[in-house]
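Please look over the model shown here. The report that follows takes it part by part.

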Amino acid sequence: MEQTVEDYKLIFEKEGVYLHTNAKRSNQDTTIPGFIRIVERAGVPALEWSPLEDEGRSAPAVLYTKKDGEGGEEDTNFDPGYEPDWAVISTVKRDREQVPVKDSGLWSFSLPLSELYSLRRARFSLGRNFLVLTSRGGHPLPPLHFHRGGTRELFRALQRYIMLDQSPVDGRLFLAYPHDSGALSQSFEKLQLFDDGGSDLVSRFIQDPYATTFGGFSKVTNFFKAALKPPGSPAHFRTAQDPSLPHQSDEEPGFELINCGVELGPRPDVTRGQPLNKWDEFLDPEGRVKYPEKIKELVFRGGVTPFLRKEVWKFLLGFYPWNSTAKEREDILRLKTDEYFRMKVQWKSVGEEQEMRNSLLRGYRSLIERDVSRTDRHNTFFSGNDNPGLTLLHDVLMTYCMYNFDLGYVQGMSDLLSPLLFVTQNEVESFWCLTGFMELVHQNFEESQEAMKKQLLQLSILLKALDPELCDFLDSQDSGSLCFCFRWLLIWFKREFSFEDILTMWEVIWSGLPCDNFHLLIACSILVSQRGELIGSDHDFNTILKHINELTMKLDLQTVLRGAEAIFLQLTQCKELPLKVQQVLGLYVPSSSEEDSPDSQASETRRLLGESPAGASSSSSSSSPHAARVPTYP
């Protein structure tokens with residue numbers, strides 16, 4: 001049925017609002033001029049955008065659709081630059097519904113204002129003002145770039161129908177609520193904007209950019225389709241019309257440049273040291289490590305020389321307690337060897353018929369066999385057919401399934417094991433080193449993926465403090481979620497650097513210095529090093545993803561580590577470092593006098609040996625955990 005004049009009322013209209021698409025340039029333009037409108041259809045207010053070529057038509061009532069004249073299929077097959085079937089969580093399924101397609105071959109959307117969830121605005125320093133809208137269903141619309149201004153007028157017109165409240169945590173984010181007070185109360189409760197528990201976790205909403213472009217990420221798709229919403233903190237929201245809001249002079253008065261960064265001093269120069277190449281001088285007559293914190297500092301400063309790597313890694317990954325004697329370590333190795341082979345026998349003794357009735361074990365074995373056949377085959381330890389290294393890789397991973405059957409095996413874990421096996425050249429020691437490593441990263445592989453969401457949020461917090469301009473640019477290109485860093489954080493840059501470089505990087509991170517989440521500072525170092533290439537080029541979402549993946553094997557490790565440490569020093573020298581940044585780096589954590597104390601270290605040794613406190617050896621003292629976290633600088 002056609003719409004009558006009485007059913008349609010134009011409330012607001014602005015020309016010169018551009019939509020930047022993710023379409024391949026060979027097929028259609030990536031920048032489309034159009035109109036933004038607020039209309040009433042049968043009394044229902046809606047926000048609409050339509051291209052100039054589509055003027056006069058009624059936009060379809062869908063959130064947003066991409067139309068393609070060549071078959072109407074969306075481009076979801078962008079090649080991310082690595083194995084397309086590399087999955088993170090093997091149980092994630094695609095649940096995306098196909099959106100309707102219009103015959104015009106153009107883009108358009110119409111969103112009822114009752115379904116508007118949030119608006120995110122920013123003024124990019126290169127002159128691009130843009131606005132990102134998200135629906136209550138969690139669907140982000142394509143960013144709208146206001147080349148000719150008009151955002152203040154748009155906000156004023158929107159406030160005839162909805163309330164816009166500015167987040168105190170992110171000045172660029174405005175949440176939309178109906179004027180009805182009851183509905184507003186329900187919205188606050190649903191959004192968890194107020195937390196009766198007094199949690200001080202950072203609350204930030206990061207909308208999901210174009211979920212349909214993540215076909216190349218295989219089963220990771222569902223992760224990016226969810227909004228990254230951590231628990232909120234107590235907050236007071238101000239309305240966009242609050243006269244107390246600061247106003248900044250600008251070519252468009254209603255579009256403030258909100259600098260969400262902090263005032264940082266210059267980034268200091270950092271010098272890396274030489275690898276740890278001495279060991280015996282750090283041991284007392286009974287074989288205890290006398291100065292574990294000094295060793296950690298040397299490892300952080302320069303890594304470990306290859307001939308000492310096996311011994312040092314067993315301490316860094318918790319196979320041996322730092323204060324254990326040489327005799328105690330012999331006993332620990334014997335006990336751990338017996339325990340390992342008991343678990344190995346469990347899966348080795350499962351017959352074919354029994355395994356047919358155990359779908360989990362059968363699934364784990366299938367994934368492991370597939371991944372082992374393609375893990376680090378360029379390395380001589382794993383190259384060729386019928387290589388004993390491959391057999392060890394398979395057996396250790398299968399045994400880990402018996403050790404942690406709830407987690408089992410998830411693709412990517414073979415990437416973590418192969419360097420451990422290469423260094424230790426020992427099945428038992430590599431297994432227990434893997435369990436120590438997984439204590440640090442096991443949450444990365446859990447099906448909920450909450451840890452990965454949290455780390456991407458934390459990375460965004462750090463980058464926002466370091467380089468708000470780069471954050472604005474990434475936001476403007478639908479890359480503000482930093483989804484292209486997912487693989488970096490999941491397996492600690494394993495596929496971004498050479499095999500030898502990864503050995504050094506991991507031991508540096510395992511040292512625990514100079515702060516929590518040093519791997520996030522490494523990611524920041526890489527991103528900041530690429531800002532000139534990203535901002536200075538005509539990149540869109542796809543080309544940003546492609547550029548980041550093409551950095552594989554092209555990064556200089558020492559430069560990246562120096563950059564990460566320099567960023568840490570730059571942040572810690574800031575007198576007013578935001579609390580949320582301190583929390584990410586572990587600089588604002590209540591002290592615990594018992595954690596990692598000499599008594600607790602001795603208890604760990606006794607636990608491994610099954611001894612009672614009366615029969616335990618005396619332990620040497622060690623530095624406090626907080627002192628251990630800060631290396632000395634020349």
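## Basis and confidence

Helices (H or I, at least four residues) and strands (E, at least two) are DSSP runs, numbered from the N terminus. This is a predicted model, in which local features need pLDDT of at least 70 and side-chain atom pairs count only at pLDDT 80 or more, while totals for chains, interfaces and linings use all residues. Residues are numbered from 1 along each chain as its sequence is written, and side-chain values use heavy atoms, with hydrogens and water left out.

The average pLDDT (the predictor's confidence in each residue, from 0 to 100) of the protein chain is 75, and 66% of the residues score at least 70. Over residues 56-105 the pLDDT is below 50; beyond near neighbours in sequence, this stretch has 118 contacts in the model, a contact being heavy atoms within 4.5 Å. Residues 612-628 also have pLDDT under 50, with 28 contacts beyond four places in sequence. Where pLDDT is low, the predicted coordinates should not be read in detail.

## Overall make-up

The protein chain has 22 helices and 10 strands. Of its 634 residues, 56% count as buried; buried means under 20% relative accessible area, exposed over 50%, and partly exposed in between (1.4 Å probe, protein chains only). Among contacts between residues at least 6 apart in sequence, 73% join residues at least 24 apart.

## H5 against H10

Helix H5 (residues 306-316) packs on helix H10 (residues 413-424) at an angle of about 125 degrees, and the axes are 9 Å apart. The pair is therefore oblique. Axes are lines fitted to C-alpha atoms, for helices over the stretch in contact, and angles run from 0 to 180 degrees between N-to-C directions. Angles under 35 degrees count as roughly parallel, over 145 as roughly antiparallel, 65 to 115 as roughly perpendicular and the rest as oblique.

From H5, Arg309, Lys310 and Trp313 meet Pro419, Leu420, Val423 and Thr424 of H10. These residues divide into 4 nonpolar, 1 polar and 2 charged (nonpolar: Ala, Val, Leu, Ile, Met, Phe, Trp, Tyr, Cys and Pro; charged: Asp, Glu, Lys and Arg; polar: the others, Gly among them). Thr424 counts as buried because its relative accessibility is 1%. The side chain of Thr424 reaches the backbone oxygen of Leu420 at 2.9 Å. Not counting residues up to four places away in sequence, Thr424 touches Lys310, Glu429, Ser430 and Cys433.

Met452 lies in helix H12 (residues 450-466) and is buried, at 0% relative accessibility. Met452 and Leu489 are 37 residues apart in sequence, yet their C-alpha atoms are 7.6 Å apart.

In helix H13 (residues 468-476), 7 of the 9 residues are buried, among them Leu470, Phe473 and Leu474 as well as Asp472 and Asp475. Asp478, which follows H13, has a positive phi near 60 degrees.

## Loops around H15

Trp492 is in the loop between helix H14 (486-490) and H15. Phi of Trp492 is positive, near 55 degrees, in a residue other than glycine, and Trp492 is buried at 7% relative accessibility.

The loop between helix H15 (499-510) and helix H16 (518-529) holds Pro514. A cis peptide bond, with omega about -5 degrees, joins Leu513 and Pro514. Asn517 is also placed between H15 and H16. Asn517 has a positive phi of about 55 degrees although it is not a glycine, and at 22% relative accessibility it counts as partly exposed.

Definitions and conventions:
A polar contact is a pair of N or O atoms within 3.5 Å; within protein, one must be able to donate a hydrogen and the other to accept it, and residues adjacent in sequence count only if both atoms are side-chain atoms.
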